[in-house]
Every structure is written in structure tokens, then in C-alpha cells.
Amino acid sequence: MGPRGRLILIEGLDRTGKSTQAELLACELGSNSVLLKFPDRTTPVGQLIDDYLKNRHNPLPDQAIHLLFSANRWEAARRIESALFAGKHVILDRYVYSGAAYSCAKNVPGMDMKWCLDPERGLIKPDFTIFFMNNGHESEQRAGFGDERYETVQFQDRVKHTFLELFETWENASYRENNMRFLNVANKSITEVALEVKQIAEKCIRQGQDEILRF
Ligand code: NYM
Ligand code: MG
């Protein structure tokens, strides 16, 4: 059996170019890679999520939509694991950290960070996480900003702080140091960012790591 593939996550705020870069990376790695975007809106659970995001008046309680986002990852868990063991690299466009940061940023009583992270326990953890940052209010200038729920400047600010708190307080120092990179994409071209992402991914693949990490 050959070496297992690497699980590489691209995370960040809305409209920072994550999907574009995840696609470019998957292209770069070629047929030896699989790209998964969360939420995966194609599954039955994903359709409920899509409906919620597009319809600002959807009455789903915050707890219920949170658990659907998590269920949407669990739906893919076995697929991810078998791809990795088949030697394929799996590129993720958003994952557990988005799940916790967006829900926790809503400040719903009882939905603290621990509550938000609990349903994610046991999911495979990325071998490497690249977190896309910008200087703040650039996302709103990107095409389409505001179309979906959560896309307001105030909420994005809260999500940004919640992401940072999540990494600082709830992620372990060794993961932060060895398995993560914060990448400021402000004022960088798609090509520049793609080159950095490619270099990070290639390093992660070269280094290798046998055991699967879990949340
Ligand atoms: N989102 C995404 C969540 O609130 N929880 C999650 O677990 C995930 C994966 O969905 N505003 C939010 C973040 C986005 C929205 O994602 C849709 P995208 O990448 O714009 O399709
Ligand atoms: Mg979006």
C-alpha cells in the first residue's frame, strides 16, 4: 500500500477567494486529488442548508441549522477517509472551523464554542489548514456579497473574531504552529495566492504523516 493522501483545508471569511483557490489547487494536484466543498449543497441535508442560506426568513432554529452543517460533514466522512487511504489528496473548501465560527458568532445563549464543536468530535482533522484573511472590508466589494444570510459587514467582523478566538483558545498550540498558516490575501492576485497555496500544499505532501488526526 502506498502512502495515504493528505487532507488540506482552505478556510476563511466569505468571498476571500477560497473556492477559486481550492479549485486551482485540486487542478494542480490533478487526478490524484479530490475536491470537497462545504456545505455540500447537493445532498438532501445540503439542500436544506442551501434553502436556509438563501431564504432569510427560513424558520429553522440556530441549533438545528448548526447540526445540519455538521451532519453534512459526517455524510462525507467515509468518502474522505477512503480517498485518503486510496492515496488521494483531499482538498476541502471550508470545514469544521467554519461550522463553529459562524454558529458561535451568532451569540445564541447556550451555543458557546464547546457546544458548537461537540458534534464535530471524531471527524478527520486536516493535515494542514490554510486560513485566508483580508484587511476587513474588502469582501463586501466582491461580486455577490450580501446575497446570502451571514453576508453583512457586522456579522463578518464577528465571525472573523470568532475564528481567531477558535484558533487561539480551542486549537492546540502544536497544530497552530505545525499544521496551519494564516495567509493574508489582501491586494494579492489570484496567481500570487495560488502560488503560495501550492507551495504550502507541496510542503505538506512532502513531509507526510501517517496517522490520521481527529477533532
Ligand atoms: N457556513 C459554512 C456555516 O455557517 N457553517 C458551516 O459549517 C459551513 C461549512 O455557510 N456564509 C456558512 C459560511 C457561508 C455559508 O458557504 C456558505 P459558501 O462557502 O459561501 O458556500
Ligand atoms: Mg459564501
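Trainee: Which elements are included in what covers the buried residues of H1?
Mentor: The model is predicted, so local features need pLDDT of at least 70 and side-chain atom pairs pLDDT 80 or more, while totals for chains, interfaces and linings use all residues. Residues are numbered from 1 along each chain as its sequence is written, with chains lettered from A and ligands numbered from 1 in the order written. Helices (H or I, at least four residues) and strands (E, at least two) are DSSP runs numbered from the N terminus, and contact means C-beta atoms, placed from the backbone, within 7 Å. The cover includes strands S1 (7-12), S2 (33-37), S3 (89-93) and S5 (128-133), and helix H8 (190-207).

Trainee: Which residues of H1 are buried?
Mentor: A buried residue has 20 or more other C-beta atoms, placed from the backbone, within 10 Å of its own. In H1 these are Lys-18, Gln-21, Ala-22, Leu-25, Ala-26 and Leu-29.

Trainee: Why are they on the same side of H1?
Mentor: The arc is that of the directions from the helix axis to the C-beta atoms. They share a side because their arc around the axis is only 135°.

Trainee: How far does H1 reach from its first C-alpha to its last?
Mentor: H1 has 12 residues, 18-29. The expected span, 1.5 Å times one less than the number of residues, is 16 Å, and H1 is close to it, reaching 16 Å.

Trainee: What follows H1?
Mentor: The next residue has a positive phi, near 70°. This residue is Gly-30.

Trainee: What percentage of the protein counts as buried?
Mentor: The protein has eight helices and seven strands. Of its 215 residues, the buried share is 33%.

Definitions and conventions: Buried ≥ 20, exposed ≤ 12 C-beta atoms within 10 Å, placed from the backbone. Contact = placed C-beta atoms within 7 Å.
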